[in-house]
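Open the model in your viewer and keep the selection panel at hand. This tour goes from stop to stop, with something to select at each.

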Amino acid sequence: MTTNISELFNSVLKGARSLPVIALVQVTFFRLNSYFVARREVGANRLASTEQFTPYVDAQIQGRVVKAGSMEIVLYDHVKGLFHVKSRSGRTHRVNLHEKICTCGKTLIYGFPCSHIISACQHRCVDFRLFVEGYYMTKSYYDTWTPLFHPIFNEDEWPLYDGTVIVLPASMQRFGSGRPKSTRLHNEMDVREGKTPITCGLCKQLGHNRRSCKNGNQVQ
């Protein structure tokens with residue numbers, strides 16, 4: 001799960017790594033703002049159209065409803081809602097509607113009903129939407145993206161800084177010019193990292209500079 005969250009941040013901020021600090025903050029700010037604006041609009045539209053769940057869950061449930069229609073149902077206890085459900089592949093699962101569980105485990109993992117529970121609900125005329133967790137509701141989706149980013153003032157309008165001045169110890173100071181060499185493992189996020197091929201200012205060929213150019217006389 002930690003890896004998935006990291007990859008999520010990487011996908012949003014792809015291309016921002018290795019930028020100068022100010023540019024990095026600006027890219028992060030404006031990209032997150034556009035991310036929130038787009039999803040806030042989706043949430044508002046779904047609320048206006050009385051859609052009950054998020055787009056992802058709607059699509060998943062529709063697919064599972066189709067799959068549930070081909071399953072065989074055996075009722076064991078109508079009070080507890082205990083069922084034996086057999087899929088087309090021949091695999092069987094036990095469903096307990098009272099406890100909202102199925103032995104496939106998908107309902108517990110994903111937070112919305114699996115095809116076996118949907119099939120059992122249809123057999124007993126129970127609304128399977130009651131098995132969807134509240135955080136998948138359209139209102140929860142909209143509330144997640146409700147916070148606003150506010151426009152940044154021009155730099156000459158910023159208030160004067162009146163706080164602690166941090167001075168780095170000598171061991172943390174970097175001496176010399178140029179960007180420090182990166183030691184991290186690169187992935188698809190690092191589209192700006194890596195060495196840029198050297199181009200000669202005289203002959204315009206790659207792999208050497210003006211000082212080491214052997215074609216200088218020919219160009220002149």
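How do the residues of the lining of the second largest pocket divide into nonpolar, polar and charged? The count is 8 nonpolar, 1 polar and no charged. Keep in mind throughout that this is a predicted model.

**Stop 1: the pocket**

Select L8, F9, V12, L13, T28, L32, Y35, F36 and W145; these residues line the second largest pocket. Its volume is about 270 Å³. Now colour by helix. Helix 1 (2-12) and helix 2 each supply at least two residues of this lining. Helix 2 gives the largest share, 4 residues.

**Stop 2**

Next, show R39 beside W145. R39 lies over the face of the W145 ring, 5.8 Å from the ring centre.

**Stop 3: F36 and F149**

The model holds 9 aromatic pairs. Zoom in on one of them, F36 with F149. The ring centres are 5.3 Å apart and the planes meet at 75 degrees, so this pair is edge-to-face.

Where does each partner sit in the chain? F36 is in helix 2 (residues 21-48), while F149 is in the loop between helix 6 (138-144) and helix 7 (216-219). The pair therefore ties together parts that are 113 residues apart in sequence.

Is F36 buried or exposed? F36 is buried, at a relative accessible area of 16%. F149 is partly exposed, at 28%. The cut-off for buried is under 20%.

**Stop 4: F112 and Y136**

Move to F112 and Y136. Here the ring centres lie 5.5 Å apart with the planes at 75 degrees, so this pair too is edge-to-face. F112 is found in the loop between helix 4 (106-110) and helix 5 (115-124). Y136 is found in the loop between helix 5 and helix 6. The contact therefore ties together parts that are 24 residues apart in sequence. Both F112 and Y136 are buried.

**Stop 5: K100 over F131**

Finish with K100 and F131. What is the distance from K100 to the ring centre of F131? The distance is 5.7 Å, and K100 lies over the face of that ring. For a side-by-side view, bring back R39, which lies over the face of W145.

Key:
Residues numbered from 1 in each chain as written. Predicted model: local features only at pLDDT ≥ 70, side-chain atom pairs only at ≥ 80, totals over all residues. Heavy atoms only, no water. Phe/Tyr/Trp six-rings, centres within 6.5 Å; stacked < 30°, edge-to-face > 60°. Buried < 20%, exposed > 50% of the residue type's maximum accessible area, 1.4 Å probe, protein only. Lys NZ or Arg CZ within 6 Å of the ring centre and 35° of its normal. 1 Å grid on protein atoms, 1.4 Å probe; cavity = no way out; pocket = protein on both sides within 12 Å on 5 of 7 lines; lining within 4 Å. Points joined across faces, edges and corners; volume = space filled by probe spheres on them. Nonpolar A, V, L, I, M, F, W, Y, C, P; charged D, E, K, R; others polar.
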